[in-house]
Amino acid sequence: MKVSMTNGTLNYLAKLDKQHPDAHLLFMQDQDKTVAYYEGENSIFEEGREYEIVDSVGSLQPKGYVVMNNIPVADEGRPVFEDRFKNRAGNVENMEGFQAIRILRPVKGNTYVVLTQWRNAQDFEDWKNSQSFEQAHKNSGPKHEKKPSFIDGEAYITKYQMLQLEE
């Protein structure tokens, strides 16, 4: 399964939604950016970012709060990075408010996306402040001084609120 994402104005993305009514596009927005998200075998976006799903749990919902951890990974480190996620303890799935997770391998470039969806921002903050989070990130988390060798640059986080388009 593949994932495609594209950015644009709300008006532009709404037109894409009308052009592809069977695609079940999901929309998310932060203060100045709107993203259309699509899961399927072929991209429907002319200019989009494409990913392969390495691992997934849960179904993405039209309502919720999305956090994307964008992690640059060196080519030689991809197998190690993916293996860590495939063999993770699964603590996040048991957290209150958890809805879904996607581990996304870029088709082009080196920046993986670890996308989690939560019922709301507070549920994400509760996860971030939990013992489970500390356990999951003990070897490579935000408090870890030395980054793992497979990391190929600074990771960054983007946060979005799911958005439902008016009919």
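**Close-up 1. Q29 has Q161 as its bridge partner in strand 8.** This is a predicted model, where local features need pLDDT of at least 70, side-chain atom pairs count only at pLDDT 80 or more, and totals for chains, interfaces and linings use all residues. Residues are numbered from 1 along each chain as its sequence is written, and side-chain values use heavy atoms, with hydrogens and water left out. Strand 2 (26-29) runs antiparallel to strand 8 (residues 156-163), and 3 bridges join them. Two strands count as paired if DSSP finds at least two bridges between them; strands themselves are DSSP runs (E, at least two residues), helices are too (H or I, at least four), and numbering starts at the N terminus.

**Close-up 2. Y65 also has Q161 as its bridge partner in strand 8.** Here strand 5 (residues 65-72) pairs with strand 8 in the antiparallel sense, over 6 bridges.

**Close-up 3. H24 isn't a glycine, yet its phi is positive, at about 55°.** Most residues other than glycine have a negative phi. Look for H24 in the loop between helix 1 (10-19) and strand 2. H24 is exposed, with a relative accessible area of 65% (exposed is over 50%, buried under 20%, partly exposed in between; 1.4 Å probe, protein chains only).

**Close-up 4. K86 sits in helix 2 (residues 78-86).** K86 is partly exposed, at 46% relative accessible area. Leaving aside residues up to four places away in sequence, K86 touches V54 and D55 (contact means heavy atoms within 4.5 Å). As for E125, K86 is 39 residues from it in sequence and 23 Å from it in space, C-alpha to C-alpha.
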